[in-house]
Amino acid sequence: MTLHKEGKGILLTLLGVLAAINIVVYYCLFESSPLVVKCIAGFSICFFLFFVNFFRNPKREFIGFEDGMIVAPADGTVVVIEPTVEDEYLNEKRIQVSIFMSVFNVHANWYPTQGKVIYYTHNDGRFMAANLPKSSTENERSTVVLETPSKTKILVRQIAGALARRIVTYASVGKECHVNDQLGFIKFGSRVDVFLPLGSEVLVKLKQSVVGNKTIIARLPKENQ
């Protein structure tokens, strides 16, 4: 377990701010209110450790990948499994599988399959709760389309939530991608949607917890493998 690179600057800044606050509190209140000083110090430690936990970056390696597998791109809970029309790029009906990440989940995102990035865009938007259906089209989001070796297109969408204020995406058009490669990182509560071809076998259920780069969430139809 290591710290994700996206959190190192934030953690250093937070550590400096908390240290400064505690130094001031110590010199101003220790003689008159030592208990208050200790409580603030304890709260500061817990607050900092919460952020350290949020930016954890587990070392995960998916072994045994086979053509047609779709691996969970994120940790979290499955909140949507339904046929829907994806009208930003694919313009066709797809099976949407959505994973909601709480602030307690790992927030690194992985590519769900192997292939090549053929489309990437970032859209500004609102910051509704990420578990709401409209967040997929109205919230700030990044959309990545992967083309597998069999020419099947898989759309992955990172969505900001009510607390998230920054989506980081490492994808670029033409980039070769593989499972075990990180797609990006979303800060402070968010969601990832995956749009699969009709006929795909979904292997997870609503409200099921999944582990990014570990849980197989679906298999593509044979003709798309």
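Helix α1 covers residues 5-29, which makes 25 residues. I took helices (H or I, at least four residues) and strands (E, at least two) as DSSP runs, numbered from the N terminus. The expected span is 1.5 Å times one less than the number of residues. For α1 this gives 36 Å, and the end C-alpha atoms are 36 Å apart, so the two agree.

This is a predicted model, in which local features need pLDDT of at least 70, side-chain atom pairs count only at pLDDT 80 or more, and totals for chains, interfaces and linings use all residues. Residues are numbered from 1 along each chain as its sequence is written, and side-chain values use heavy atoms, with hydrogens and water left out.

Next I checked burial: buried means under 20% relative accessible area, exposed over 50%, partly exposed in between (1.4 Å probe, protein chains only). In α1 the buried residues are Glu6, Gly7, Leu11, Leu14, Leu18, Asn22 and Val25. They pack against β1 (2-3), α2 (34-54), β10 (167-169) and β12 (182-186); contact means heavy atoms within 4.5 Å.

Then I looked at an open sheet of three strands, antiparallel, in the order β3-β16-β14. β3 (69-71) and β14 (201-202) are the edges; each has a single partner strand, so one side of each lacks a neighbour in the sheet. Two strands pair if DSSP finds at least two bridges between them; β3 and β16 (residues 216-219) have three. Val71 lies opposite Ile216 of β16.

Last, I looked up Val106, in the loop between β5 (92-101) and β6 (108-110). Val106 counts as buried because its relative accessibility is 2%. Asp75 is 31 residues from Val106 in sequence, yet their C-alpha atoms are 6.0 Å apart.
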